[in-house]
Amino acid sequence: MTPDPRIVAVVPCHNEEAAIAKVVADLHAAVPGIEVHVYDNCSTDGTAEAARRAGAQVRHEEEKGKGNVVRRAFADLDADVYLLIDGDDTYEAADAPAMIDTLLSGPYDHVLGVRRQVTDTAYRSGHETGNRFFNGLVSFAFRRRVSDMLSGYRVFSRRFVKSFPALSREFEIETELTVHAVNARVPQAEVPVGFRDRPAGSESKLRTYHDGFRILGIFGQLLFHERPFLVTGAVSAALFVLGLVLGLPVVLEFAGTGLVPRFPTAFLAASLVLLAGVFLLMGVLLSGQAKIRRETSRLFYLRLPAPPWNGGDVPGRARPRDAEHRQP
C-alpha cells in the first residue's frame, strides 16, 4: 500500500495579521495532516504571532518579495506535494483537496488554480484585463494555452519544485512558474478555484502599473532565455524588411542608370541587411544552447521520482482540464 503523501503548504505573508489565522485554520480543516509553513516576509505587524497561534510553523525571510519567499521555501522544505497559497484569504482553501487529488490522479507535476470570482469586486480595476493580456501573450509565445498565469494558488510535485530555478524576487514569480511549466512541458492541469475580496482591515500590496511592467519585463527576459530564435528572428525579419524598403529603390535606380546617387541610403540599407543576418545567426546559436540547457534540465527532472499515484480519477470529481495537451 502506498503511504499517504507528505503535503506542505507554503504561505508567503507581508503584513497579513488580519487574514492569516483564518487561512491557516481553513487549510488545516480542508486538508487534514497538512503542514502549514507561513513565511513572514518583513512584516511590521503581528502576522507571525497570529500564524503561530493558529497552528502554523512560522519561518522568516528577510529578503523582501514573494519570489524570494518561494525560492527559500522550495529549498527549505522536502515533501511529496507542495501547495502555494497567498496569506490574504482571497483564495478558497476548501478547493485545496480537489487540486491535490488532481495532482495525484495524473500524476501531474503542476496544478494551476484558475480563479473564478465569488464576489463582483475580487479583481482590482485593470487586473482582469491585464491577466487576460498576459495569458494570451504566454499562450502565443509558448504554444501552450494558459488560463490564469498570475494565479497565486498552485499545487506542485516534488520533482517540479526541486527542478525549478526560482530566479524572480517579487510578484513576477507567478510568471516564472508558468513559463517554466509550459516551456518544460511538464504534465499539468487546471482546476477552478474560488477568488474573493480581501477581508476588512487587509490591504493589497499590488501596484497595478508598476507590477504590470515588471511582469512584462520578466516575461521578455524569460522569452529571450527560453525561445531566443523567436526573439532574434523577429528582430532579424524587421531589420531585413527595413533594409529592403530602403535599398530596393537604390538598386532599381542603379540598374537603370548605373549610378548610385544616394550612397548613404545604400550604405544604411546594406548595413541593416547585414545586421539582420547577424541576428539570425545569433538566434541559431542561442537556440542550440537553449536546447542543451533544456535537455540537461530534463535529465535532472527525470532523476526525481514522480508524485504518488492515487489510482486515477477521484469518484465524484469532474475530470480536470489537462493543460499539457490542450492547444491555444
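Phe134 is buried, at a relative accessible area of 7%. Buried here means under 20% relative accessible area, exposed means over 50%, and partly exposed lies in between (1.4 Å probe, protein chains only). Phe133 is partly exposed, with a relative accessible area of 48%.

This is a predicted model, in which local features need pLDDT of at least 70, side-chain atom pairs count only at pLDDT 80 or more, and totals for chains, interfaces and linings use all residues. Residues are numbered from 1 along each chain as its sequence is written, and side-chain values use heavy atoms, with hydrogens and water left out.

Now to the rings. A pair of aromatic rings is described by the distance of the centres and the angle of the planes. Rings of Phe, Tyr and Trp (its six-membered ring) pair if their centres lie within 6.5 Å; planes under 30 degrees apart count as stacked, over 60 as edge-to-face and the rest as tilted. The structure holds 9 aromatic pairs. One of them joins Tyr91 and Phe195, tilted, with 5.4 Å centre to centre and 45 degrees between the planes. This pair links distant parts of the chain: Tyr91 sits in the loop between S4 and H4, Phe195 in strand S7 (residues 188–195), 104 residues apart. Helices (H or I, at least four residues) and strands (E, at least two) are DSSP runs, numbered from the N terminus. Both Tyr91 and Phe195 are buried. Phe133 and Phe134 also pair, edge-to-face, at 5.3 Å centre to centre and 65 degrees between the planes.

Arg115 lies over its face, 5.1 Å from the ring centre. Such a charge is counted if NZ of Lys or CZ of Arg is within 6 Å of the ring centre and within 35 degrees of the ring normal.

Thr90 belongs to the loop between strand S4 (81–84) and helix H4 (96–105). Thr90 counts as buried because its relative accessibility is 5%. Its side chain makes a polar contact with the side chain of Asp88, at 2.8 Å. A polar contact is a pair of N or O atoms within 3.5 Å; within protein, one must be able to donate a hydrogen and the other to accept it, and residues adjacent in sequence count only if both atoms are side-chain atoms. Leaving out residues up to four places away in sequence, Thr90 touches Gly194, Phe195, Arg196, Asp197 and Arg198. Contact means heavy atoms within 4.5 Å.

Another ring group comes next. Ring pairs link Phe74, Tyr82, Phe156, Phe160 and Phe164 into a cluster. Phe164 is in the loop between helix H6 (158–162) and helix H7 (173–184). Phe164 counts as buried, at 7% relative accessibility. Residues up to four places away aside, Phe164 touches Phe74, Ile173, Glu176, Leu177 and His180. Phe74 is among the buried residues of helix H3 (residues 66–76). The cover over the buried residues of H3 includes S1, S2, S4, strand S6 (154–157), H6 and H7.

Last come the cores. A nonpolar core is a set of buried Ala, Val, Leu, Ile, Met, Phe, Trp, Tyr and Cys residues joined through side-chain atoms within 4.5 Å. The largest has 35 residues, of which Val11, Ile20, Leu27, Val36, Val38 and Leu83 touch the most other members. H4 gives the most to this core, with 5 residues. A second, separate core of 21 residues includes Val8, Val161, Ile173 and Tyr301.
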